[in-house]
Amino acid sequence: MTSLIAWLDASSEDQRRMREIVNLFSERESRDELGIGQVRDALSDALWPGTSTLFTRARYFLFIPWCFRAAAEARNDVDKAAALADRNERVLITALKAAKETDGVIGGTVGMAVKNLPSALYWGGMRTHGILNDPTLSRDDTIAAEVDRVHTRRPVAVQYEDEVASTWHDGGFHPTLPVAPEGFPTELPDGFRMRQSESAWLRDRMLASSPDTMLEYALQHRPDKESEFPWTDTVLKGADGERARVLDDARRFSTLMNSASLVYNLLLAEAYEREGFDRVENPVDDYRERLDRWAETPNLAHDIASWDRADFWSRVLQRNPNVNMRSRRFIDEWLDLIANTDLSALAVDSSIRAFIGRREREHKRSQARLTNKRLLQAWLGSSGSRPLVYRWTQMRPIIHDIHDGLERIDA
């Protein structure tokens, strides 16, 4: 069932503000209105391995192990330790808010009632970056390993020359995990601010797991503070080799496939106005203007004509060999279409419009807005219409957290 947010007796200004708030959620990059998400995610993984659009701040990579470790140290029963680890993650919300953190607090709005805990969101990244001792460990396995590490009797370590051999189990996390600050998780005065030792440790884990990627480059060269796209960042432009080629593929794919999204939203806007729906103001004019601006993108024709799509698909399929064949066909056919079309006339080209309409029906079937009036009425003025940024919005603060910590002098 599709949710519908409605309001009664509200001024037009109140309605406008509500639409803007809802669009913050509806325009997450995870939206995949035309079925290109597998390619987007493959390019994102190639640029930023071990990441997600659900990430917020870098120190969560440390908070989560600390929550588990503190629980294991306080409880020698696995089930009780698991329950305490869960509670520690929730208590962390209060500690972060007490530290005056406002950006990136998972559960910052709902508090301890949050459903998706940080560990659920970051676990895949912890696997990739070697924060877990074994990438196959589940959260249940990890708390059990931590309890075993703390509470099971082991033989005394034996000295061998300059090394200490020990049969102690190392637990669920990397043996060099930095120590949690005193008072954690109930007290966290530094909030998301990382100590230099923490930043260096996390950077080293990420560097080891992301050779020759843009993540490696960004960890070695601090990016701009506010760049909108990774390819417009003045620092990341300095990257070379394979990671630069991946970034160029990502830029072209974002730019060229954005035209398909804009045409799709124009068709929605026209259908929306024809049905007499009016919560969204002048959507047709808006999307015609956006398509006009897209057609004026510098070097657009060159990007279309010079793109080595065989290399592009090779990189994508290396990351995900199971890309849906219908999606691949749609992308190739769209790129062929715009290569042989007046780019300034996409809004009125009948073959372009028909092609996008068919694609929506093929991809969404009964959920296609162009043929489902109920879903069309619920349209908020934008369905995946922004250019792809490949998690850059989420990665930028994480990378800056690490660089900030590296420049900090530990107390």
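1. Let's start with a charge over a ring: R328 sits over the face of W313, and the distance to the ring centre is 4.7 Å. Keep in mind as you look around that this is a predicted model.

2. Now for the aromatic rings. Searching the whole structure turns up 23 aromatic pairs. One of them is F330 with F355, a stacked pair with 5.6 Å from centre to centre and 15 degrees between the planes. This pair links distant parts of the chain: F330 belongs to helix α13 (residues 325-339) and F355 to helix α14 (residues 350-364), 25 residues apart. Are these two rings buried or exposed? F330 counts as buried because its relative accessibility is 2%, and F355 is buried too, with a relative accessible area of 9%.

3. F355 has another partner worth a look. W334 and F355 are also stacked, at 6.1 Å centre to centre with 20 degrees between the planes. W334 lies in helix α13 and F355 in helix α14, so this pair ties together parts that are 21 residues apart in sequence. At 0% relative accessibility, W334 counts as buried.

4. There is a ring cluster to find as well: F55, Y60, F61, F63, W66, Y122, F184 and F192 are linked into it by ring pairs.

5. On to the charges. The count of salt bridges comes to 31. In one of them, E101 meets R193, with the closest N and O atoms 3.8 Å apart. What does this pair link? It joins distant parts of the chain, 92 residues apart: E101 is in the loop between α4 (78-98) and α5 (118-128), and R193 is in the loop between β2 (163-165) and α7. E101 counts as buried, at 13% relative accessibility, while R193 is partly exposed at 42%.

6. R245 is partly exposed at 44% relative accessibility, and E242 is partly exposed at 35%.

7. Last stop, S199 in helix α7 (residues 196-209). With 0% relative accessibility, S199 counts as buried. Leaving out residues up to four places away in sequence, S199 touches M194, D401, I402, G405 and L406.

How values were computed: Residues numbered from 1 in each chain as written. Predicted model: local features only at pLDDT ≥ 70, side-chain atom pairs only at ≥ 80, totals over all residues. Heavy atoms only, no water. Helix = DSSP H or I, 4+ residues; strand = E, 2+ residues; numbered from the N terminus. Buried < 20%, exposed > 50% of the residue type's maximum accessible area, 1.4 Å probe, protein only. Contact = heavy atoms within 4.5 Å. Phe/Tyr/Trp six-rings, centres within 6.5 Å; stacked < 30°, edge-to-face > 60°. Lys NZ or Arg CZ within 6 Å of the ring centre and 35° of its normal. Salt bridge = Lys/Arg side-chain N within 4 Å of Asp/Glu carboxyl O.
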